[in-house]
Each structure stands twice: as C-alpha cells, then as structure tokens.
Amino acid sequence: MSSAFTHGFVALSFGKLFFPERMPARFWVLSLICTLLPDVDVIGFFLGVRYGDKLGHRGFSHSLLFALLIAVLVTIAAFPAVRRFSKQWWALTGYFFLLTASHSVLDAMTNGGYGIAFFSPFSSTRFFLPWRPLEVAPIGVRGFFSRWGWDVLMSEALYIWLPVTLLLVIVYRVRGKTFIPGP
Ligand SMILES: [Zn+2]
C-alpha cells in the first residue's frame, strides 16, 4: 500500500473535485473507506494466505472488478433515494469506482512488494505501472515511525500531494471559487 494518509488525501480531493456541492457525512466516510478497503486482504497474512495467491495481498481486492462491485454496492446501499441508472447514480458509482481503483493504481506506482492483480479473477497476472516513484509503505504501524516511514511520506508528498493540490487549485480557479479562503 501507499500510506493511509495519502489514500485518505486522494479520497478528500477527489470528493471535492467531483462533487463540489455539499455532501452528507456518509459520503465522506464511504470515500475514505473505499480508498482503504482493498487492503482488507492483509487479514489473509494472519490466516496463512500467501502473498501471491488469488486472495493474497494485492490480489482480488485490488482488482478493477472488485472496485466496480464495491462502487455499485456503496451507491445502492448508501444512496437509496438516487434512482438507479440515473445520471446521478452513474456519477456516484463512477466516483466510488475511481476511488477504490485509485488505491490499486497508487500501489502499482510503489517500488516494492508484488504487482497488482488488476484483472483478477480472470487473470492472476500482477502488474506495476511503468513509472514507480513511490516508496512502498510498511505494513503495520511500528514500521511507519522510522526512516522508512519518512521516505514514504516524502515520496508521496512530492508525487501525489503536490500534483493533486495543484489540480485542485486549478479546478477551483476555473470554477471561480478560491480554494483557500481569503482574508
Ligand atoms: Zn493495497
């Protein structure tokens, strides 16, 4: 994984980009959950599932199909008032899909671990993006408060936080709102 902070940051930024209007609290909570959910597969480590297995880390729960299933489920369960297959329904589903998949894309930009099984369960081939500037994050909290954790944060700040913040500023300028409240 990349660090939980960065997945969370992506969730908040995407939420603001796609839905600039006021959204209910559950929208934000679910946005956060979606970006972190693919890593539920680390539970497998404790159950004896091996990293390279279908249900191993960066396996099915990091696939595009998983992201789509979660997106549909979240939209139906959390926004029952939105008419199925209406424009707003697709917007929400597409958004939650992008968020869940963003987790795997970020993972595919890390320099360690196994690749991502994007097309699981149809193919168990593991992929990385051709560009992998992100330092892979340690699993667990202890490893995080170390030199390694620092390197992870620095690489994510440079390659994720900075460009995403710039994108937000530009989009808000174009929309005619200031992103940072003025005096
Ligand atoms: Zn992951």
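Biologist: What should I know about numbering and confidence before I look?
Modeller: Residues are numbered from 1 along each chain as its sequence is written, and side-chain values use heavy atoms, with hydrogens and water left out. Because this is a predicted model, local features need pLDDT of at least 70, while totals for chains, interfaces and linings use all residues, and side-chain atom pairs count only at pLDDT 80 or more.

Biologist: Which residues are the protein donors of the zinc ion?
Modeller: Donors are N, O and S atoms within 2.8 Å of the metal (3.2 Å for Na, K and Ca), and water is not among the atoms, so sites may look incomplete. The protein donors here lie 2.0 to 2.2 Å from the zinc ion. They are Asp39 (OD), His62 (NE2), His103 (NE2) and Asp107 (OD).

Biologist: How are the donor residues of the zinc ion spaced in sequence?
Modeller: Two of them, His103 and Asp107, sit four residues apart in helix H5, so about one helical turn separates them. Helices (H or I, at least four residues) and strands (E, at least two) are DSSP runs, numbered from the N terminus. Written out for the donors, the spacing is D-x22-H-x40-H-x3-D.

Biologist: What arrangement do the four donor atoms around the zinc ion make?
Modeller: Four donors count as tetrahedral if all angles lie between 85 and 135 degrees; four count as square planar and six as octahedral if opposite donors are over 155 degrees apart and all others between 65 and 115; anything else is irregular. Around this zinc ion the angles run from 90 to 169°, so the arrangement is irregular.

Biologist: Are His103 and Asp107 buried or exposed?
Modeller: Buried means under 20% relative accessible area, exposed over 50%, and partly exposed in between (1.4 Å probe, protein chains only). By that rule, His103 and Asp107 are both buried.

Biologist: Which residue forms a salt bridge with Asp107?
Modeller: A salt bridge is a side-chain nitrogen of Lys or Arg within 4 Å of a carboxyl oxygen of Asp or Glu, and the structure holds one. Its closest N and O atoms are 3.7 Å apart. One partner lies in the loop between helix H3 (43-46) and helix H4 (64-78) and Asp107 lies in helix H5, so the pair ties together parts that are 49 residues apart in sequence. The partner of Asp107 is Arg58.

Biologist: What is the phi of Arg58?
Modeller: Most residues other than glycine have a negative phi, and most peptide bonds are trans. Arg58 is buried, with a relative accessible area of 0%. Its phi is positive although Arg58 is a residue other than glycine, and the value is near 65°.

Biologist: Where is Phe85 found?
Modeller: Phe85 also has a positive phi of about 65° although it is not a glycine. Phe85 is exposed, with a relative accessible area of 56%. It is found in the loop between H4 and H5.

Biologist: Which peptide bond is cis?
Modeller: The bond in question has omega near 0°. One of its residues, Pro121, is found in the loop between H5 and H6. The cis bond runs from Ser120 to Pro121.

Biologist: What kind of aromatic pair do Trp131 and Tyr159 form?
Modeller: Rings of Phe, Tyr and Trp (its six-membered ring) pair if their centres lie within 6.5 Å; planes under 30 degrees apart count as stacked, over 60 as edge-to-face and the rest as tilted. The structure holds 16 aromatic pairs. Among them, Phe14 and Phe18 form a tilted pair, 6.0 Å centre to centre with 50° between the planes. For Trp131 and Tyr159 the centres are 5.4 Å apart and the planes 90°, which makes the pair edge-to-face.

Biologist: How far apart are the C-alpha atoms of Ser3 and Ala137?
Modeller: Ser3 is found in the segment before H1, and at 2% relative accessibility it counts as buried. Ser3 and Ala137 are 134 residues apart along the chain, yet their C-alpha atoms are separated by 5.7 Å.
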